[in-house]
Amino acid sequence: MIPSDLKYHREHEWVRVQGNEATLGISDHAQDALGDVVFIDLPKLNASINASQEIGEVESTKATSSIYSPVSGKVTKVNTDLRDHPEWLNQDPYGKGWIAVIELSNPGEVDGLMSAAQYEAFLASQVS
Amino acid sequence: MSSSIRIGIIGAGPGGYVAALRAAQLGAKVTVVENQALGGVCLNAGCIPSKALLAVIELREKLQKARQFGLQYEGAVNCDLPQMIARKDRVVSGLVNGIATLFKSRQVTHLVGTGELLDERTIRVRQPDGAETRFSVDAIILATGSSWPALPQFPVDGRVIMTSKEALDLTAQPASIVIIGGGVEGCEFAVYFSGLGANVSLVEMMPALLPLEDQELSSLMEREMKKRQVAIHTDTAVKRVSKTPNGVSVELSSGVHVEAEKVLVSVGRRFNTQDIGLEKVGIQCGPRGEITVNDRMETNLPGVYAVGDVVGKAMLAHVASAQGKVAAHNIMGRPDTIRYEVVPAGIFTLPEIGRVGLTEQQVTERGLVPKIGRFRYMSLGKAQSVGETSGLFKVIADAKTDALLGVHIMGSHAADLIHEAALAMEVGAPASRLAHMIHAHPTLAEGLMEAAEDLDGLAIHQGPKRR
């Protein structure tokens, strides 16, 4: 399940760009690899972040994994509902499991991210 | 039998009552003076009552996971605080009575009242009804403990601004609470009150919660507190606590004001050295006001011993008991000394912490080179089976000699698990022995073996390290 309207980062985060804002989350592949998510350490609201910077952490019953931002900018929204419902990351990673919204400071970065097709190929290459 | 030796003990906490029983076992005639319940702070307002209450939170959280486990039940799981407190009180009074029964069985006399030294062999007891008695002995053990200090910046009234003593008796759940102090007690209460459903803010002056613990465990605890949605304010001092019509307003050094229904003050302990005749008799105290003792637990006056919190070492119940036994042995002609190299300790947060020996930071400060092995609970079959996957085993060895320097465990049953490491340190076993010893499967104890194996990168159930 790799939605075609999103852009992907090699650390398995996705972004959905709308105007000057990007919503980010973790991919279905990431949540599947993690297993049942029990906790997410969310990014800080209003934090300024750089592309590929660690902005949070996801803990599952199998592993703890960092969340990286695919883009640079300022965190303008955080999905605080995930504190009570970390399982949304498993159930709906591209919907209710969104993590944060970033106001882009360098929109050009988005072009450097993978398309759905490229991400699919990337995943295939990771397996082999 | 040396039954002629008479011992007077002031204080019946875990230092005093254990000293009394050990001395009585060895044939002494023991009189213990205590003006409050037997068992001291530990049993009446500390370790035991807090564990009795935290057990309810743990059970509730297990039940909240029940449906994931395939266990169905009807309705909600709610805390009935008055019943919880009543059960806690039954646990405490049962154990207090247990000490009284042990005293009787060993012919230890309990005098109810406040003890004071008149000279180095005479104790005066002021009874609650005002009457006074005095008695002479061959040796004295001071075990008066410590208490909650009166800090002018935190005007404790026992209702809105509380100490742990009142917090353990709260029968109405607060909607919100600010806990001042992110040490052991503060963290345990943060778990308790967040488990009850309160909004908890935890304020700590140092840069990390549990500032005396290994930093790696401190940061893991911070994450566990975030899971519980405790608002953490580290590196933050409390500037002012002021009462408001609805509760309290706490002004932090960061400029933030936190409004809450209650405040719990979890900072500092005061040595109980007042009005027990120390100056009169000439007993020396140290710079912090603690009673000075040698490693035989004897004060500057021969035959007068002191044990427990009042001597200002590790302020732990089990250290007090160990000191009490050492004092009793010395009085009874069995020379003994106390050592503090191997003192295991537990922190009863959820998940709990068990530790023994040095932290990684202490190892480095001492100029030793640490070698570190880690293993995570989530990689244990037992942890997965029982659904307790949060936590870490951390073994610190001397890179040159393989000596075990410290072990730190966070996770389910950590405070019990730590004793294997403590015994290894006690007998001077190198870290490789922990790795070599066969551990039963499936157990949480396997984590200690794997962490010891990881010192050489040889943990079986762990992939190679990234980087």
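Mentor: In this predicted model, let us begin with B:Thr109, which is in contact with B:Lys29, B:Val30, B:Thr31 and B:Val32, leaving aside residues up to four places away in sequence. The residue belongs to strand β3 of chain B. Although B:Thr109 and B:Val30 are 79 residues apart along the chain, their C-alpha atoms are separated by 6.3 Å. B:Thr109 has a relative accessible area of 30% and is therefore partly exposed.

We may now turn to the sheet around this residue. Strand β3 is part of an open sheet of five strands in chain B, whose order is β3-β2-β1-β7-β18 and whose pairing is parallel. In chain B, β3 (109–112) and β18 (304–306) each have a single partner strand and stand at the edges, so one side of each has no neighbour in the sheet. From one strand to the next, the twist averages 20°. Within the sheet, strand β1 (residues 6–10) of chain B runs parallel to strand β2 (residues 29–34) of chain B, and five bridges join them. In one of these pairings, B:Arg6 has B:Lys29 of β2(B) as its bridge partner.

Helix α1 (residues 16–25) of chain B packs with α10(B) at an angle of about 35°, and their axes are 8 Å apart. The two helices, α1(B) and α10(B), cross in a right-handed manner. On the α1(B) side the contact involves B:Val18, B:Ala19, B:Arg22 and B:Ala23, which meet B:Ser321, B:Gly324, B:Lys325, B:Ala328 and B:His329 of α10(B). Sorted by class, this contact of α1(B) with α10(B) comprises four nonpolar, three polar and two charged residues.

Finally, we return to B:Val30. Together with B:Ile141 and B:Leu142, B:Val30 touches the most other members of the largest nonpolar core, which has 51 residues. The element that gives the most to this core is α1(B), with five residues. B:Leu142 has contacts that include B:Ile10, B:Leu117, B:Val304 and B:Tyr305, not counting residues up to four places away in sequence. Another core, of 35 residues, lies apart from the largest one, and among its members are B:Ile85, B:Phe189, B:Val230 and B:Ile353.

Terms used
Residues are numbered from 1 along each chain as its sequence is written. Chains are lettered from A and ligands numbered from 1 in the order in which they are written. This is a predicted model: local features need pLDDT of at least 70, side-chain atom pairs count only at pLDDT 80 or more; totals for chains, interfaces and linings use all residues. Side-chain values use heavy atoms; hydrogens and water are left out. Two strands pair if DSSP finds at least two bridges between them. Helices (H or I, at least four residues) and strands (E, at least two) are DSSP runs, numbered from the N terminus. Axes are lines fitted to C-alpha atoms, for helices over the stretch in contact, and angles run from 0 to 180 degrees between N-to-C directions. Buried means under 20% relative accessible area, exposed over 50%, partly exposed in between (1.4 Å probe, protein chains only). Contact means heavy atoms within 4.5 Å. A crossing is left-handed if the near helix is turned anticlockwise from the far one by less than a right angle, and right-handed if clockwise. Ala, Val, Leu, Ile, Met, Phe, Trp, Tyr, Cys and Pro count as nonpolar, Asp, Glu, Lys and Arg as charged, and the others, Gly among them, as polar. A nonpolar core is a set of buried Ala, Val, Leu, Ile, Met, Phe, Trp, Tyr and Cys residues joined through side-chain atoms within 4.5 Å.
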